[in-house]
Amino acid sequence: MQLGIIGLGRMGGNIARRLMLNGHTTVVYDRNEAFVKNLSEEGATGVADLKALVAGLQQPRAVWVMLPAGDPTENTINELSELLEHGDVIIDGGNTNYKDDVRRGKALAEKGLHYVDVGTSGGVWGLERGYCMMIGGDTETVQRLDPIFKSLAPGLGSIPRTRDRSASADPRAEQGYIHAGPAGAGHFVKMIHNGIEYGMMQAFAEGFDILKTKNSENLPEDQRFDLNVGDIAEVWRRGSVVSSWLLDLTADALATDPKLDGYSGSVADSGEGRWTIEAAMEQAVPVPVLSTSLFARFRSRQQSTYGDKMLSAMRFGFGGHVETSKK
């Protein structure tokens, strides 16, 4: 299948590569000419602007936009909507607010265009591991794009199948992608995923902060333990109920930099955590863990702890996210 891809950064470039490895063809564009050149050398068709990208695709076209949420995505989709033709599809694979998806889906439908939102998880490891995808859009369009989603998804892999899962359940979920509902549903599910991620990361960070400071001079001498947090992270990876990919990344970070001196502990938030709290308030759902984890990131930009450095290390591990500077 043929796909246009706009935005070849940490995830967009690897999405193109994974698709090409699975036999698909890609037409790619990025403002950074070096990104386009690199992918062209790997087999993609590189173009210099959006008009050339649209011209290089066969109808019905499908264009995947992988840009930061907000104006970069909004402006690109608006420009594409003037270039594409009836029956073409625009896919937003970034971290857009789901309310923007609902609005865009309606506006593009009036022009005869289809809109699909894809909450995409996998970070910088997606090329190797595959991408977990939560998809919103009309059923016919999502089904038409299934070869793309199937190639990007991680597949069943070595994860044990869920016991007693109904035989009538959507088989795509086991492969690592779902059609969550109409436009906006995909990014809504991904938004909650990221809100949960905040809480899980904060729990690890706080727990390791307690372990690290157990040798504090403020404690009675016979209650001080000089604990090796790297070894603790490693042993928890094996058979523990808290074992997870986030713990794997934590162990990697501690093996490389036990004191996490390479991090300041100023932890950014990319928007989804805030939107999760907003949704909770709109739906009157109490979320003390998720809200506290978001506020902890705000506090980290003023005064950082060892736990904050661990949060930064995890974010860099799964997404290549660089710390923000303290204000």
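Met-20 counts as buried, at 18% relative accessibility. Buried here is under 20% relative accessible area, exposed is over 50%, and partly exposed lies in between, with a 1.4 Å probe and protein chains only. Met-20 sits in helix 1. Helices are DSSP runs of H or I with at least four residues, strands are E runs of at least two, and both are numbered from the N terminus.

A word on the source. This is a predicted model, where local features need pLDDT of at least 70, side-chain atom pairs count only at pLDDT 80 or more, and totals for chains, interfaces and linings use all residues. Residues are numbered from 1 along each chain as its sequence is written, and side-chain values use heavy atoms, with hydrogens and water left out.

Back to Met-20. What does Met-20 touch, not counting residues up to four places away in sequence? Thr-26, Leu-39, Glu-42, Gly-43 and Ala-44. Contact means heavy atoms within 4.5 Å. Ala-62 is 42 residues from Met-20 in sequence, and their C-alpha atoms are 15 Å apart in space.

Glu-42 comes up again, this time in a salt bridge. Its partner is Arg-17, at 2.8 Å from N to O. The term salt bridge needs a side-chain nitrogen of Lys or Arg within 4 Å of a carboxyl oxygen of Asp or Glu. Arg-17 lies in helix 1 (residues 12-21), and Glu-42 is in the loop between helix 2 (33-41) and strand 3 (45-46), so the pair ties together parts 25 residues apart in sequence. Arg-17 is partly exposed, with a relative accessible area of 22%. Glu-42 is partly exposed too, with 43%.

How many salt bridges does the structure hold? The count is 18.

Next, Arg-104 and Asp-92. They form a salt bridge, with the closest N and O atoms 3.1 Å apart. Arg-104 lies in helix 5 and Asp-92 in strand 5 (residues 89-92), so this pair ties together parts twelve residues apart in sequence. Buried or exposed? Arg-104 counts as buried, at 3% relative accessibility. Asp-92 is buried as well, at 0%.

Now Glu-234 and Arg-238. Their side chains meet in a salt bridge, 2.5 Å from N to O. Glu-234 is partly exposed at 29% relative accessibility, whereas Arg-238 is exposed at 59%. Elsewhere, salt bridges that share partners join Glu-74, Asp-92, Asp-100, Arg-103 and Arg-104 into one network.

On to helix packing. Two packed helices are described by the angle and the distance between their axes. The axes of helix 4 (residues 71-83) and helix 5 (residues 98-109) come within 11 Å and cross at roughly 10°. Axes are lines fitted to C-alpha atoms, for helices over the stretch in contact, and angles run from 0 to 180 degrees between N-to-C directions. Helix 4 and helix 5 are therefore roughly parallel to each other, a label for angles under 35 degrees.

Which residues make the contact? Helix 4 brings Thr-73, Glu-74, Ile-77 and Ser-81, and helix 5 brings Arg-103, Arg-104 and Leu-108. They divide into two nonpolar, two polar and three charged. For those classes, Ala, Val, Leu, Ile, Met, Phe, Trp, Tyr, Cys and Pro are nonpolar, Asp, Glu, Lys and Arg are charged, and the others, Gly among them, are polar.

Last stop, Ser-151. Ser-151 is in helix 8 (residues 146-152). Ser-151 is buried, with a relative accessible area of 12%. Leaving aside neighbours within four places in sequence, Ser-151 is in contact with Arg-18, Leu-19, Asn-22 and His-24.

Technical notes:
Angles under 35 degrees count as roughly parallel, over 145 as roughly antiparallel, 65 to 115 as roughly perpendicular and the rest as oblique.
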